[in-house]
Amino acid sequence: MHSIANKSVAAMVAQRSVTMRAPTMRVTTRRVMPVMAATFAPPTVTKTKDNFMRAYSRPVAPVYNTVLQELLVQQHFIRFNIKYVYNPIYALGVVSAFDQIMESMKDEERTAIFDAYILALDEKSSTYRADAEELEKLAGELSGPEGLVADASGNSLQKALATVAESSAEGKFGYNKFFAIGLFRLLELTGAKEPSALETLVKAVGVKPENVNRDLTLYKGILSKLSAAKELMAEFLVREKRKQAERDAEKAAKASKSTEEKKAETPAIPSA
């Protein structure tokens, strides 16, 4: 009996202990607050394209428009990547690619399209142009690619290279194909011809040579296709111009013949 009683009392005490501890556990749970991640909400590709169309509402020739839209989409994903950081060498690549692709356009039209293109990406075309011109000027003054060194205390070109090298060393640099084009343009301006010059420069800024070579090969392929498309367009325009001239000549001949026939049919007015 005593044993049973003791067990009952122990059970009651244990149950009461659990009941008394439960509220403490519930209070502790309520105090745990979730940590919210920072919000990153870039615009959609459609939004960027719409921005371009609003900024430049005139039609773009098909031979250019296809490549232009592809570049805009590619740069959209670069520009609105959470790790994106603008740098002058990247700007030089963008300007160089754009000008090469649109080189046959009139200056006024090319400038207006470029302004709209950069504005659609929520940046300033004047900044791109100014930085590209500055780097071109400095690279053009060099006697060779040996002057393309990363130096945080040097000129703006050397500082730009140093910034990339430092960012790459920290694992923070966001490489992209326009940066590769910018590097290649710098080497062109120094008169470099050897592939080793590109490899040396690429390694100096901490970028993988295989990525640069791949992107430059793709870029050259785009230029080749565009050049072929321009040639086809030029041939088409020549043919159309010739056909139009033939049509105009035929029309003029018919009109002249008709006039002569009317004169022949008109009776002569006798003289008084």
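1. Of the contacts in the chain with a separation of 6 or more, 70% are accounted for by residues 24 or more positions apart, where contact means heavy atoms within 4.5 Å. This is a predicted model, in which local features need pLDDT of at least 70 and side-chain atom pairs count only at pLDDT 80 or more, whereas totals for chains, interfaces and linings use all residues. Residues are numbered from 1 along each chain as its sequence is written, and side-chain values use heavy atoms, with hydrogens and water left out.

2. The chain holds 10 helices and 0 strands, helices being DSSP runs (H or I) of at least four residues and strands DSSP runs (E) of at least two, numbered from the N terminus. Of the 272 residues in the chain, 30% are buried, a term that stands for under 20% relative accessible area, with exposed meaning over 50% and partly exposed in between (1.4 Å probe, protein chains only).

3. Helix H4 covers residues 88-101, and its 14 residues reach 20 Å from the first C-alpha to the last, close to the 20 Å expected at 1.5 Å a residue; the expected span is 1.5 Å times one less than the number of residues. Because 11 of the 14 residues of H4 are buried, the helix is largely enclosed by the rest of the structure. Among the buried residues are Tyr90, Ser96, Ala97 and Phe98.

4. What does the side chain of Asn176 reach at 3.0 Å? Asn176 is placed in the loop between helix H7 (156-169) and helix H8 (177-190), and its side chain reaches the backbone nitrogen of Phe178 at 3.0 Å and that of Phe179 at 3.0 Å. These are polar contacts, that is, pairs of N or O atoms within 3.5 Å; within protein, one must be able to donate a hydrogen and the other to accept it, and residues adjacent in sequence count only if both atoms are side-chain atoms. Asn176 is buried, with a relative accessible area of 9%, and, leaving aside neighbours within four places in sequence, Asn176 is in contact with Ile78, Tyr90 and Asp215.

5. Tyr117, in helix H5, is buried with a relative accessible area of 2%. The side chain of Tyr117 makes a polar contact of 2.7 Å with the side chain of Gln75. Leaving aside neighbours within four places in sequence, the residues in contact with Tyr117 are Phe52, Leu68, Leu71, Leu72, Gln75 and Phe98. Tyr117 and Thr48 are 69 residues apart in sequence, yet their C-alpha atoms are 9.1 Å apart in space.

6. Tyr219 belongs to helix H10 (residues 209-265) and is buried, with a relative accessible area of 9%. Not counting residues up to four places away in sequence, Tyr219 touches Ser96, Ala97, Gln100 and Ile181. With Ile181, the separation is 38 residues in sequence and 8.1 Å in space, C-alpha to C-alpha.
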